[in-house]
Amino acid sequence: PHSDYLYGLAAMLRQQGVGITGTEPSGTPAATIRAMRELYEADPTDPTNSIALVRAYASTGMTNRAMEVLDAIIANPDSGQLQITAAAELVAKIFFDIPKLERALVRLTEVAPDSPEAYYDLAAIRMVSGAIEGSMEALGAALTLSDARLQSDPEARDIRDDLMTDVRFDPIRSMTLFRETVGGAVAQEE
C-alpha cells in the first residue's frame, strides 16, 4: 500500500545513512518498516524511531505489531518520559484501549513523578473507566504538584483551571470525595 508517511521515513533513514535492505525495492513501505524494526531492535529506547515504527505499523494495518511495540515501550524500564508520553498519545488516538492507556499513564507518573499533567491524565482516564477512588488519588497528586509548581512559578499552568471545564469529571463534581480532593472552590463554582 502507498503511504506518504513511510516514503518520507525511508528518505529520512537514507539521509541518516541507514541502509534499507530486503527483497522489496528500497524506499517501499515494507523495506522502510524492516529498516525501522532493525533500528528498534538495536535501540528500543530511541523515542523517535520506536514511535515512528508504531505509526508505520498502524498506517499499514499491522495493528498487532504496533501494539506489541507499544507494550514493549511502556514496559521497558529504560523508556523515558518522551517515549512514554508519545506511546500514551498513540494508545489514546489510534487504539483507544483504556486499560493499556491507564498502564501507560501509570508508567508516565513513574518516569515523570513531578509532572502534574501526568497525574491529571491518569485521573481523567481512571474517571472514564469508572475507577473513582483511583481517579481521586491521582487527581489529588496532580493538584498537589500543580500547587507546588505555582508557588515557584506563578505563570505556570494551573491544573485547577483545566479541572473546572473538564467534562470527564462532571458526573462526580457534587460528590463529597471530589470536593474533598479538590477543595470546595472548584466543585462549588459549578
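## Basis of the model

The model is predicted: local features need pLDDT of at least 70, side-chain atom pairs count only at pLDDT 80 or more, and totals for chains, interfaces and linings use all residues. Residues are numbered from 1 along each chain as its sequence is written, and side-chain values use heavy atoms, with hydrogens and water left out.

## Overall architecture

The protein contains 11 helices and 0 strands (DSSP runs numbered from the N terminus: H or I of at least four residues for helices, E of at least two for strands). Of its 190 residues, 43% are buried, meaning under 20% relative accessible area with a 1.4 Å probe, protein chains only.

The accessible surface is about 9700 Å², and carbon and sulfur atoms hold 51% of that area (Shrake-Rupley method, 1.4 Å probe). Of the contacts (heavy atoms within 4.5 Å) between residues at least 6 apart in sequence, 46% link residues at least 24 apart.

## Helices 6 and 7

The axes of helix 6 (residues 98-111) and helix 7 (residues 116-128) come within 9 Å and cross at roughly 155°; these axes are lines fitted to C-alpha atoms over the stretch in contact, with angles from 0 to 180 degrees between N-to-C directions. Helix 6 is therefore roughly antiparallel to helix 7 (an angle over 145 degrees).

Residues making the contact include Leu 101 and Leu 105 of helix 6 and Leu 122 and Ile 125 of helix 7. The contact residues comprise 10 nonpolar, 1 polar and 3 charged (Ala, Val, Leu, Ile, Met, Phe, Trp, Tyr, Cys and Pro count as nonpolar, Asp, Glu, Lys and Arg as charged, and the others, Gly among them, as polar).

Notes
Buried < 20%, exposed > 50% of the residue type's maximum accessible area, 1.4 Å probe, protein only. Parallel < 35°, antiparallel > 145°, perpendicular 65-115°, else oblique.
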